[in-house]
Amino acid sequence: MTVVPQGGGQPPAPGGSSGNLYDVLELILDRGLVIDAFVRVSLVGIEILKIDARVVVASVDTYLRFAEACNRLDLEADGKQPAKLPDMVGEVTEGGAEGKSKGAISGAVEAVADSVQGRRGGDEEREEESERSHRKGTSRRTSSRRREE
Amino acid sequence: MTVYVYAITDAGHPLRLDDLVGVGDPPSTLRTVAGGGLAAVVSDAPEGLRPKRRDLAAHQGVQERLMSDGAVLPLQFGLTAEDDDAVVRVLEEQAPAYRRRLEALEGAAEYHLKSAWDEDALLREILRESPQARSLNEEIRGGNPDPQLPMALGESIAQEVQARQEALAARVVERLRAHAREERSSAPTGEDFLNVSFLVDSGEREQFVTELRQLADELGQDVELRLRGPLPAYSFV
């Protein structure tokens, strides 16, 4: 399990909390109080959050993917695979621990995080390009995944 | 002058913002606007604001600072008002509702939990426990070329996957619910089967996390639980 306490009662670390942003982007961009009388600035990139909504399970593609996955599965393998990364458990009472989640973060949030990072240079053209390639990347990833399995 | 609005608090909040900056490049200066017994943290709105990392960090930094001193209603990133007066009008008009919400959030913080189940491990479990899936899989592996078989196997597996994920999601939420004031589930994305936020009282934090750790031990390494918190209560405003 990954437990990552942050904020809450502790003064933010020097340099701000940007190191923790990655996992909470979805909350910052998609939740929070919305006031009807206010205008939301046009935020290119936010739509990405919606793209990777979980594939509906009942589809032919999913069936075939599962069947192929079963076919290549090593049924003799021990069910308990070694963890890809060591578990990181922070002391919540001290509020200072940090941990990095494994790669299972949703592709959508990942895409936003990457494009946010990619914008640090501030180059407008490169930003657009990075957004487009992330969009394509998402669908490519899905289809190549099907082919592999 | 268009203003960017970060958060709403009670007017009595200390609002220690001196060493923080707002969104934009160069960073804008934070200030507060009062109305209806409430305060709003605002700054001048930069031209062409986009969700750049430093802007998201500035928005989040304000929420984290404010929540360390009291209840806060974090606004969604990117909201702007026409001018300070427009903010004051909203504070005055919505004061009763915002006040109720601030009271509900007092002394609590959001914990955001996502969970993924290792797919191979889940498939192994299904093939172990479902006679139908197992026999279909054995037929295919034995060389039966009938194209209907993979479809039937996949459909059977898909149903099992969904049922097991839903059952585990319900079990996780059920266990944690006792330590939370409120909860809010949303559609999981990517490989996750669970995406839920809890509003947890500061007095319950330790029990909440302990409960989750126990659950994580019970579930083993095939199920990954990723908890973030305490966070500003974005999901409970």
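Author: The axes of α3(A) and α5(B) cross at roughly 95° and come within 7 Å. Axes here are lines fitted to C-alpha atoms, for helices over the stretch in contact, with angles running from 0 to 180 degrees between N-to-C directions. The two helices α3(A) and α5(B) are therefore roughly perpendicular to each other (angles under 35 degrees count as roughly parallel, over 145 as roughly antiparallel, 65 to 115 as roughly perpendicular and the rest as oblique). From α3(A), the contact takes T62(A), Y63(A), L64(A), F66(A), A67(A) and C70(A). From α5(B) it takes P150(B), M151(B), L153(B), G154(B), E155(B), I157(B) and A158(B). Two residues are in contact if their C-beta atoms, placed from the backbone, lie within 7 Å. By class, this contact has ten nonpolar, two polar and one charged residues (Ala, Val, Leu, Ile, Met, Phe, Trp, Tyr, Cys and Pro count as nonpolar, Asp, Glu, Lys and Arg as charged, and the others, Gly among them, as polar).

The model is predicted: local features need pLDDT of at least 70, side-chain atom pairs count only at pLDDT 80 or more, and totals for chains, interfaces and linings use all residues. Residues are numbered from 1 along each chain as its sequence is written, and chains are lettered from A and ligands numbered from 1 in the order in which they are written.

Note on methods:
Helices (H or I, at least four residues) and strands (E, at least two) are DSSP runs, numbered from the N terminus.
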